[in-house]
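Hi there,

Please have a look at it below, and then read on for what turned up.

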Amino acid sequence: MKDAATMASPAALASPDAYADAVATAVRAAAAYYADGSTPLGDDEYDALVRAIEAYEAEHPQQVLPESPTGKVAGGAAVGDVPHSVPMLSLDNVFSAEELESWAAGLERRLGRPVAAWCVEPKLDGLAVAARYRAGRLTQVLTRGDGFAGEDITHAADAVLGLPGRLTEPVDIELRGEVLLTQEQFEHANAVRSEHGATPFAHPRSGAAGTLRAKDRPYRIELTFFAYGAVGLPGLDHGELLDRLAVLGANTAAGTAADPRRCTTLDDVRRRIDAIAALRDALPFGIDGVVVKADALADQEEAGSGSRAPRWAVARKLQAQHKVTRLLGVEWNVGRTGIIAPRAVLEPVVIDGVTVTYATLHNPADIERRGLMIGDQVFVYRAGDVIPRVEAPLVDERTGAEQPIAFPQACPRCGDAIDTSEQRWRCVRGRGCQAVASIVYAAGRDQLDIEGLGGTRAVQLVEARLVADLADLFTLTREQLLTLERMGECR
Ligand SMILES: [Zn+2]
């Protein structure tokens, strides 16, 4: 688990101008994020920026700009025209074990007693929605919007797994939860979009946002719903509520490796957060934190809510696994079997504590599908031991100075032709490519200095299967060499 010191730390804003710039940047990022899930800033950078803005506003309360994102659900960016039955609030964030501890201490001071029990559950990286049921039938689905009114996305409900059209009982309730693309759904969605000539989604959250809003697409993309709350099921502690939702037929995070758990002490809470964070890379869906809630209804009711967030729940944020950086170039490396693989050279970026300088680009078709250009701002994904990969360019951020990516015309190692008939390009020499290249190199003047052993001859030796690697050069016999074309005896 990363602590506060390794999270992106907000730089202090030194002047009213710097503050105004920071507000403008945050407003722009929040607008993009809530429009289609994209953002010119990574999540960590956005959080750090908002924290810097908050710090400045605490010092200069008379200078607070009305458009400031602080204290607003969705950074004040989201829109919608259907009023919510009960406001859909955000969660306050903490970024370290220490901040979590002081948040919990504050809650217990307010209650005047220890919190009876905590519930710890994954913070799903998707879009919050409200799903209304009448007599057990799904009637309307809304986005969170600004927390008070949301957008009607009922048209998208059919494609959302785990959001039943009919509950197991004829109740009038509203489910609250998150809609996301699982990793598998995300990969499938991008394959389908590529087939239809559409740009791949930059990452699962923007894919989910775009899919929920889209109408009349010629293809279907499935999403998944996870319920974590409800309106209209009174009298239940949080854990009991989740159990009830599952009985009614809604999908919950129960049964996943990050299933919600009741913890009686803050030490248990910390251990569970660490466990979920460690599981993160193996989960079938993205999480961007862990939510800690007071489990008992009595504690929740007594703590109440502020204008933006409930006081009885908090999100312990984890570092983002997607970061935005710049694509500086593409290298073409030839593997042992002759596969020619492109690799992205990136402006170094720290993702989840590791500096990433290179990322995989799979193959040339993949580059074309993603529409990448040199100089693009790109989303890079890294999780655990997985090789970092470039997911998509931020097309809206282009300046016009971006350059097309040059594909090699000849094998970058031996100079022979490239077989482009498959998705993965390959040197026509296959495994022989490396042998030819290494023999020519070894025979060079600065190495073994073998006269007459240039490219053509090396190719002959390899093709005649006389030489597979460097060591074979030393055991070649005169008779073997005489079998080669144009290799006569000296007279
Ligand atoms: Zn080659």
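To start you off: are W103 and W118 buried or exposed? Both of these tryptophans are buried. Please keep in mind as you read that this is a predicted model.

Let me stay with that pair for a moment. Across the whole structure, a search finds six aromatic pairs. For W103 and W118, the ring centres are 5.8 Å apart and the planes meet at 50°, so the pair is tilted. W103 belongs to helix α3 (residues 97-111), while W118 sits in strand β3 (residues 118-124), so the contact ties together parts that are 15 residues apart in sequence.

Two other spots involve aromatic rings. W332, F407 and W425 make up one aromatic cluster. Then there is Y358, where R343 lies over the face of the ring, at 3.5 Å from the ring centre.

Now for the metal. Which residues hold the zinc ion as its protein donors? They are C411, C414, C427 and C433, each through its SG atom, at 2.2 to 2.3 Å from the zinc ion. The angles among the four donor atoms run from 103 to 115°, and the site is tetrahedral. Along the chain, the donors are spaced as C-x2-C-x12-C-x5-C. Two of them, C411 and C433, link distant parts of the chain, 22 residues apart. C411 is found in the loop between β17 (389-393) and β18 (418-419), whereas C433 is in helix α10 (residues 432-443).

How accessible are these cysteines? Buried means under 20% relative accessible area. C411 has 3% relative accessibility, so this residue counts as buried. C427 is buried too, because its relative accessibility is 1%. For C433 the relative accessible area is 0%, which means that C433 is buried as well.

While we are on cysteines, how many disulfides does the structure hold? The number is zero.

Finally, the overall layout. The chain is divided into domain 1 (4-76), domain 2 (82-317), domain 3 (322-397) and domain 4 (431-482). Between domain 2 and domain 4, the C-alpha centres lie 63 Å apart.

Note on methods:
Residues are numbered from 1 along each chain as its sequence is written. This is a predicted model: local features need pLDDT of at least 70, side-chain atom pairs count only at pLDDT 80 or more; totals for chains, interfaces and linings use all residues. Side-chain values use heavy atoms; hydrogens and water are left out. Donors are N, O and S atoms within 2.8 Å of the metal (3.2 Å for Na, K and Ca); water is not among the atoms, so sites may look incomplete. Four donors count as tetrahedral if all angles lie between 85 and 135 degrees; four count as square planar and six as octahedral if opposite donors are over 155 degrees apart and all others between 65 and 115; anything else is irregular. Helices (H or I, at least four residues) and strands (E, at least two) are DSSP runs, numbered from the N terminus. Buried means under 20% relative accessible area, exposed over 50%, partly exposed in between (1.4 Å probe, protein chains only). Domain bounds come from an automatic or database domain assignment. A disulfide is a pair of cysteine sulfur atoms within 2.5 Å. Rings of Phe, Tyr and Trp (its six-membered ring) pair if their centres lie within 6.5 Å; planes under 30 degrees apart count as stacked, over 60 as edge-to-face and the rest as tilted. A charge sits over a ring if NZ of Lys or CZ of Arg is within 6 Å of the ring centre and within 35 degrees of the ring normal.
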